[in-house]
Amino acid sequence: MVIKVFLASPSGSTAIKKKQQDVVAFLEALKVDYTQLDITCNEANCMWMRQNVPEEKKPTNGIRLPPQIFNEESYCGVSMFTANTHYAVDLCSLTSFPSFLSAHCKM
């Protein structure tokens, strides 16, 4: 399985840049194997990301922004769980997570 993280490399928004850094640091700290896909340099990546984020996860303005996480074709999402610096991913939807997390996820 391939974990895909959709990012915008030259983001002009410090909020988006911070979210992206937090997500990447989170995945790296857990030693999750992932692939970064840039939506600013590749229109196909941008369109794929925007088309595959579920409608119920669509922001009120309708524009799906990075970072977004997928396990192959399955949306894992990025959701805020406390103040604007911490993000949670449905770890059970990631299959390449470290063994110490397996007790928390039913396979």
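Reader: Among contacts between residues at least 6 apart in sequence, what share joins residues at least 24 apart?
Author: That share is 56%, where a contact means heavy atoms within 4.5 Å. This is a predicted model, in which local features need pLDDT of at least 70 and side-chain atom pairs count only at pLDDT 80 or more, while totals for chains, interfaces and linings use all residues. Residues are numbered from 1 along each chain as its sequence is written, and side-chain values use heavy atoms, with hydrogens and water left out.

Reader: How much of the chain counts as buried?
Author: Of its 107 residues, 39% are buried. Buried stands for under 20% relative accessible area, exposed for over 50%, and partly exposed for the range in between, with a 1.4 Å probe and protein chains only.

Reader: In what order do the elements run?
Author: The order from the N terminus is β-α-β-α-β-β-β-β, with two helices and six strands in the chain. Both kinds of element are DSSP runs numbered from the N terminus: helices are H or I of at least four residues, and strands are E of at least two.

Reader: What is the strand order of the open four-stranded sheet?
Author: The order is β2-β1-β3-β4, with mixed pairing. Strands β2 and β4 (74-75) stand at the edges with a single partner strand each, so one side of each has no neighbour in the sheet.

Reader: Which sense does β1 adopt with β2, parallel or antiparallel?
Author: Strand β1 (residues 3-7) pairs with β2 (residues 35-38) in the parallel sense, over four bridges; two strands count as paired if DSSP finds at least two bridges between them. Lys-4 has Thr-35 as its bridge partner in β2, and Leu-7 stands opposite Asp-38 in that strand. With β3, the pairing of β1 is antiparallel, again over four bridges, and there Ile-3 stands opposite Asn-71.

Reader: Is β1 enclosed or open to solvent?
Author: Five of the five residues of β1 are buried, so the strand is largely enclosed by the rest of the structure. In a regular strand the side chains alternate between the two faces of the sheet. In β1, Ile-3, Val-5 and Leu-7 lie on one side and Lys-4 and Phe-6 on the other, and both faces are covered.

Reader: Turning to the aromatics, how many pairs are there?
Author: There are four aromatic pairs. Rings of Phe, Tyr and Trp (its six-membered ring) pair if their centres lie within 6.5 Å; planes under 30 degrees apart count as stacked, over 60 as edge-to-face and the rest as tilted. One of the pairs is Phe-6 with Trp-48, which is stacked at 5.4 Å centre to centre with 15 degrees between the planes. Phe-6 lies in β1 and Trp-48 in helix α2 (residues 43-52), so this pair ties together parts 42 residues apart in sequence.

Reader: Which other ring pairs with Trp-48, and in what geometry?
Author: Phe-70 pairs with Trp-48 edge-to-face, at 4.8 Å centre to centre and 70 degrees between the planes. Phe-70 belongs to β3 (residues 68-71), so the pair joins parts 22 residues apart in sequence. Ring pairs link Phe-6, Trp-48, Phe-70 and Tyr-75 into a cluster.

Reader: How accessible is Trp-48?
Author: Trp-48 is partly exposed at 23% relative accessibility, whereas Phe-6 is buried at 1% and Phe-70 is buried at 0%.

Reader: What lies over the face of Trp-48?
Author: Lys-4 does, at 4.6 Å from the ring centre. A charge sits over a ring if NZ of Lys or CZ of Arg is within 6 Å of the ring centre and within 35 degrees of the ring normal.
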